[in-house]
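User: I have a model open and want to learn how to read its features one by one. Please give me the general idea each time, then the case at hand.

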Amino acid sequence: MIRILQKLTRRWSELSLALQFVVAGGFGLLVVMLVVGTWVTTQIRDGVTRNSAATTALYVDSVIAPLLPDLRKNEELSESVKQALDETLGQGALGKRLASFRLWRRDGTVLYAKDTELIGRRFGLNKNLRSAFQGSVVAQFDTFDENEDKVRGSGVPLLEIYNPVREPWSGDVVAVTEFYEVATDFKATLASALRSSWLVVAGATLTAFLLLSGIVLRASRTIDDQRGALRRQVSELQGLVTQNSALRQRVQRASRRATALNERYLRRIGADLHDGPAQLVALAALRMDSPVFTGDGHGSEGRSTEVAMIRKTLEDAMREIRGICNGLVLPQIETAAAADVLRLAIEEHEHRTGTSVKLTLPGHLPEPGASEKISIYRFVQEGLNNAYRHGRGKDQAVRAGMKDGRLFVEVSDGGPGFDPARAEGLGLAGLRERVESIGGQFETLSGPKGTKLVIRLSVEEQA
């Protein structure tokens, strides 16, 4: 039983608010309609019955009362009174309207009745008779007690009326007339009134239900839309949280790789300085200890030759130092346009290597920020250096443009190619970290027909 209730509760909670209101609200309004309709129709039935009975009782009393003697003094009716009542109730409009008539004395004795067998008999007073003897007109429609089987068998709708008979000068109730009015017209009128009242109650209930359903349906749709929007926002937020987590891990990995790359850069610079300028300077220092400078056994000609060689060695060291510095120091590119940055990198490469590079540019390139310009310059510089070292400078080309709202720069050559997964050197690894750290993409494509390096950057054009 508990499982069934839990299952029903779960299914109920899965329904939409509008459907829940249609079920619960419809049932509640149906109950309210039945209660209100029953109360209204009961009031209408009682009111119509009471008014009709009062009218009929007044009419009957106006006809019968003049025929009755002083019932306070006469405990029985004379034959002449009975004959007058027989004639009045047996013919004319009143006779057609009344199916039965009885005159009751206060002690329960029947003083007169259309059924002569009842005259003089004594019965216990029922509730309606007691109310009538207390001065109230009592009416009932199509309801009979056990003493009224003959009347019930007539097969026509009857209105049972108990009307108190009052003494003219004192107003005291001295008898009660009980009669049954043929109520065919009354039944039709009452049925029409009850039917109209039910239609009004049902119409009002249905109208209220439709109005409330419309309001609830609109509110339910709004809630469903807001719930859907909230779910989409939560889904987007979860996606952003996942993306942020991935980016955080990526940044951590990039930071660790950048630390390692910086250490490798420092080692390479140290190796370049040690193997190049430092060796040349050391060689010059050794020549300074030559006997040409310390002894008197050599002439000025040998000394001049040694000085010239030391000068050449020091010039070679300075040239290598300047080369290393030129590779480390960027030119002033922050204020240059993107196309000019590309041209500058290509011109420096052509001047340094004596090779040619083909440049392909669109009519317009966006102006990225300083970080993007530095990345573009270093990318072209390192890409062309690789093309010169590994591809022997064959078919060197640089191409830039916009695709899918992103800036791309491509460096290619016609060399023999290499395996990017196994032969990506320090320079390309550093470029990859630099580009990905600013939200870009780095791609290496290499094969027997050449190598192509591509970066893609999401840029906002600077004002």
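Analyst: Start with contact, which means heavy atoms within 4.5 Å. Axes are lines fitted to C-alpha atoms, for helices over the stretch in contact, and angles run from 0 to 180 degrees between N-to-C directions. Helices (H or I, at least four residues) and strands (E, at least two) are DSSP runs, numbered from the N terminus. Here, helix 11 (residues 370-390) lies across strand 7, strand 8 (406-413), strand 9 and strand 10 (450-457). Helix 11 runs at about 15° to strand 8. This is a predicted model: local features need pLDDT of at least 70, side-chain atom pairs count only at pLDDT 80 or more, and totals for chains, interfaces and linings use all residues. Residues are numbered from 1 along each chain as its sequence is written, and side-chain values use heavy atoms, with hydrogens and water left out.

User: In what order do the five strands of the open sheet lie?

Analyst: Two strands pair if DSSP finds at least two bridges between them. The order is 6-7-8-10-9, with mixed pairing. Strand 6 (358-360) and strand 9 (441-447) are the edges; each has a single partner strand, so one side of each lacks a neighbour in the sheet. On average, neighbouring strands are turned by 15° against each other, direction ignored.

User: In which sense do strand 6 and strand 7 pair, and in which sense do strand 9 and strand 10?

Analyst: Strand 6 and strand 7 (residues 397-403) are parallel, over three bridges. K358 stands opposite A397 there. Strand 9 and strand 10 are antiparallel, over seven bridges. They form a hairpin with two residues between them. Q441 has R456 in strand 10 as its bridge partner.

User: How many residues of helix 11 are buried?

Analyst: Helix 11 is mostly covered, with 16 of its 21 residues buried. Its first and last C-alpha atoms are 30 Å apart, close to the 30 Å expected. Just after helix 11, R392 has a positive phi of about 60°.

User: Which residues have the most contacts inside the largest nonpolar core?

Analyst: A nonpolar core is a set of buried Ala, Val, Leu, Ile, Met, Phe, Trp, Tyr and Cys residues joined through side-chain atoms within 4.5 Å. The largest has 28 residues, and L342, I376, F379, V380, V398, V409 and I455 have the most contacts inside it. Helix 11 gives the largest share, six residues. V398 touches residues including L342, V380 and V409. Another core, of 26 residues, lies apart, with V60, I64, L71 and L89 among them.

User: Where is D172, and is D172 buried or partly exposed?

Analyst: D172 is in the loop between strand 4 (158-166) and strand 5 (173-182). Its relative accessibility is 38%, so D172 counts as partly exposed. D172 and F133 are 39 residues apart in sequence, and 9.3 Å apart in space, C-alpha to C-alpha.

Technical notes: Buried means under 20% relative accessible area, exposed over 50%, partly exposed in between (1.4 Å probe, protein chains only). The expected span of a helix is 1.5 Å times one less than its number of residues. Lists of a residue's contacts leave out its neighbours within four places in sequence.
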